[in-house]
Amino acid sequence: MNKIIKTKFSCMCDNLTIRGLEFRPQGENLPIAIVSHGFMATMGTVKHYAQFLAELGYAAFCFDFNGGCVAFGKSDGKTTDMSVLTEVRDLCAVVEYACGLPYTDSSDVLHMGCSQGGLVSALSAAKLKDRIHNLILFYPAFCIPDDARSGKMMWAKFNPDHIPETVRCGPMKLGRCYIADVIDMNPFDEIKSYSGNVLIVHGTADRIVDIRYAQQAADTYKVVDFERRVDYCTIKNGTHSFSKKHDKIAMKYIENFLAYS
């Protein structure tokens, strides 16, 4: 098996330092994979995906979003300054960093994201357009704009017509920008411009993000007239954040997707 080298990396975005881990196999002109964690999580929740992608031949990166971790985050920033759009900027900064390395192939970039990281990955892929060759979304949180409009986002409750300066969401304190940046967003319109290959994996027992959002995202990608692959896969009884058993199924979906995309 190709030896995987694990190293720390850092890059800048908006004068804040993003810190993460790189998993690199031996070789040159390596395709790039960047894995994004979900809301209130850290890169520790997705680093096994980066390791797996490195074993498939990618120079793979995972990182903590600036202000995106409730605890133990390694990157800079305050949770009250974080939003989906700031995380899109963070992810784009990591893309620029990874593409600038001497052993990577900047023409072959993969985005993978879980939950909120899935929404962020989809939005950034649309922003970067043909720079992103493959997009993998696990239980993507396309529900976030609808949640903002409803005045209930996870444990946070507020008046959407009068957004407060801060709101408490369980252990995380959020700022007004978290709500304001998505309240008028139609994420399915935003993602239409992405033309690369797509894999979406969602559990049928997810009680945090309704599976219908994943179905709508898959339908959106399929309707747009691009020559590309769109795989929509479900995991029976899979919840939000997969168990080890369901993770094995999900990673097999990744392997099959990348073998033919």
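1. A word on terms before we start: a residue is called buried when its relative accessible area is under 20%, exposed when that value is over 50%, and partly exposed in between. Please also keep in mind that this is a predicted model. With those cut-offs, Lys 74 counts as exposed, because its relative accessibility is 52%.

2. Staying with that lysine, you will find Lys 74 in the loop that runs between β4 (59–63) and α2 (84–99). On the surface, Lys 74 gathers with Lys 6, Lys 8 and Lys 47 in a patch of positive charge.

3. Now to the aromatic residues. How many aromatic pairs are there, counting rings of Phe, Tyr and Trp whose centres lie within 6.5 Å? The count comes to ten. One of them joins Tyr 49 and Phe 138: the ring centres are 5.3 Å apart and the planes stand at 90 degrees, so this pair is edge-to-face. It links distant parts of the chain, with Tyr 49 in helix α1 (residues 47–55) and Phe 138 in strand β6 (residues 132–138), 89 residues apart. Both Tyr 49 and Phe 138 are buried.

4. A second aromatic pair worth a look is the one formed by Phe 142 and Phe 188, which is stacked, with 5.4 Å from centre to centre and 25 degrees between the planes. Phe 142 sits in the loop between β6 and α4 (144–150) while Phe 188 belongs to helix α6 (residues 187–190), so the pair ties together parts that are 46 residues apart in sequence. Buried or exposed, where do Phe 142 and Phe 188 fall? Both Phe 142 and Phe 188 are buried.

5. Going back to Tyr 49 and Phe 138, these two belong to one aromatic cluster together with Tyr 139 and Phe 242. Most residues other than glycine have a negative phi. Phi of Tyr 139, however, is near 35 degrees, a positive value.

6. Another residue with a positive phi is Asn 29, where the angle is near 50 degrees. Asn 29 is in the loop between β2 and β3 (30–36).

7. Next, the salt bridges: a search of the whole structure finds nine. Among them is the one where the side chains of Arg 89 and Asp 14 meet, at 3.1 Å from N to O. This pair links distant parts of the chain, as Arg 89 is in helix α2 and Asp 14 is in the loop between β1 (4–13) and β2 (16–25), 75 residues apart. Arg 89 is partly exposed, with a relative accessible area of 36%, and Asp 14 counts as exposed at 51% relative accessibility.

8. Which residue forms a salt bridge with Arg 149? The partner is Asp 146, and the closest N and O atoms are 2.8 Å apart. Here both residues lie in helix α4, three residues apart, which is about one turn of the helix. Arg 149 counts as partly exposed at 36% relative accessibility, and Asp 146 is also partly exposed, its relative accessible area being 33%.

9. One more salt bridge brings together the side chains of Arg 212 and Asp 210, at 3.1 Å from N to O. Arg 212 counts as exposed, because its relative accessibility is 58%. Asp 210 is partly exposed, with a relative accessible area of 30%.

10. Finally, have a look at the nonpolar side of the surface. Met 154, Trp 155 and Ile 208 make a nonpolar surface patch of about 310 Å². Met 154 lies in the loop between β7 (152–153) and β8 (156–157). Its relative accessible area is 32%, so Met 154 is partly exposed.

Methods. Residues are numbered from 1 along each chain as its sequence is written. This is a predicted model: local features need pLDDT of at least 70, side-chain atom pairs count only at pLDDT 80 or more; totals for chains, interfaces and linings use all residues. Side-chain values use heavy atoms; hydrogens and water are left out. Patches are made of residues with over 30% relative accessible area and no salt bridge: like charges are joined within 9 Å, nonpolar side chains (Val, Leu, Ile, Met, Phe, Trp, Tyr) within 5 Å. Accessible areas come from the Shrake-Rupley method with a 1.4 Å probe; for residues, only the protein chains shown count as cover. A salt bridge is a side-chain nitrogen of Lys or Arg within 4 Å of a carboxyl oxygen of Asp or Glu. Lys and Arg count as positive and Asp and Glu as negative; His and the chain ends are not counted. The place of a charge is taken as NZ of Lys, CZ of Arg, CG of Asp or CD of Glu. Helices (H or I, at least four residues) and strands (E, at least two) are DSSP runs, numbered from the N terminus. Buried means under 20% relative accessible area, exposed over 50%, partly exposed in between (1.4 Å probe, protein chains only). Rings of Phe, Tyr and Trp (its six-membered ring) pair if their centres lie within 6.5 Å; planes under 30 degrees apart count as stacked, over 60 as edge-to-face and the rest as tilted.
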